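I opened my notebook to look up a few things in this model. My entries follow the structure.

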Amino acid sequence: MATAAPAASSLSHATIIPPQPHPKPSSTTTLSFRSISRAPTKFPFKLPSSSPSPLRRLSATHNNNNISSSSPPPATTFHGLCYVVSDNIDTDQIIPAEHLTLVPSNPDEYRKLGSFALIGLPSAYPIRFVDPGEFRSKYSIIIAGDNFGCGSSREHAPVALGASGVKAVVAESYARIFFRNSVATGEVYPLESEVRVCDECNTGDVVTVELAENLLINHTTGKEYRLKPIGDAGPVIEAGGIFAYARQTGMISSSPVSA
């Protein structure tokens, strides 16, 4: 016996649900920094200075409009005098607490921060990093030992160094918070040496940092030292800090936020 067809009245009440598209996964870009583990800092921009830099940038070839988190370090060379310190240089020696009231976003106060860079060093360092009455140092590269930038997490530390004219620090190792703040502010390149360079250099030696070749050259002694690659942090510093980098790569809007 044949099966009867369903009544038309029952079909008229059926609800047809069209297939729903799968939600698109959110598109996010993750920056991988070896020593960066906290939120962005308060001072993400390269602030202006009215004084000329004692450092000569020999070459810089990069495209700020086409930077990715996997980009190689920018082909940048720094050349100048070095200032040598030893181990455990803390942030209070880099910029003492009484100067933390200075606001880096104010150009005049930014310059003042530079004049106080490394003023907290003990008497074991008889040569002043910044000469009295000056805002900028004649030493554009710092060579340090172990655990540079330890102590409190003040962002003023790399900002003060950058304001004084420092372009790179070459250390045996860093405190994680100083490394992160250096990248986030874009003020200085925190480079790590493969050997203990601070025992083989003297303050006033003429040195060159070759970022593309991961090389430190001491022209005074004739020695060369391998540096560890800066990695993903390089393009961020070159851009001027984490927020500037995010705008250049389209991770955040480059349009100003209306009040």
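How far is the sulfur of Cys 201 from the closest cysteine sulfur? I found 5.4 Å, to Cys 82, which is too far for a bond. A disulfide is a covalent bond between the sulfur atoms of two cysteines. The rule here asks for a pair of cysteine sulfur atoms within 2.5 Å, and the count comes to 0 disulfides. Cys 201 is buried, at 4% relative accessible area. Buried means under 20% relative accessible area, exposed over 50%, partly exposed in between (1.4 Å probe, protein chains only). Cys 150 is buried too, at 16%.

I noted the ground rules. This is a predicted model, where local features need pLDDT of at least 70, side-chain atom pairs count only at pLDDT 80 or more, and totals for chains, interfaces and linings use all residues. Residues are numbered from 1 along each chain as its sequence is written, and side-chain values use heavy atoms, with hydrogens and water left out.

Next I looked up aromatic rings. I found 8 aromatic pairs (ring centres of Phe, Tyr or Trp, its six-membered ring, within 6.5 Å; planes under 30 degrees apart are stacked, over 60 edge-to-face, the rest tilted). The Phe 148 and Phe 178 rings have centres 5.2 Å apart and planes at 85 degrees, so this pair is edge-to-face. Phe 148 is buried at 1% relative accessibility. Phe 178 is also buried, with a relative accessible area of 1%. Tyr 174 and Phe 178 have ring centres 6.1 Å apart and planes at 5 degrees, so they are stacked. Phe 148, Tyr 174, Phe 178 and Phe 179 form one aromatic cluster.
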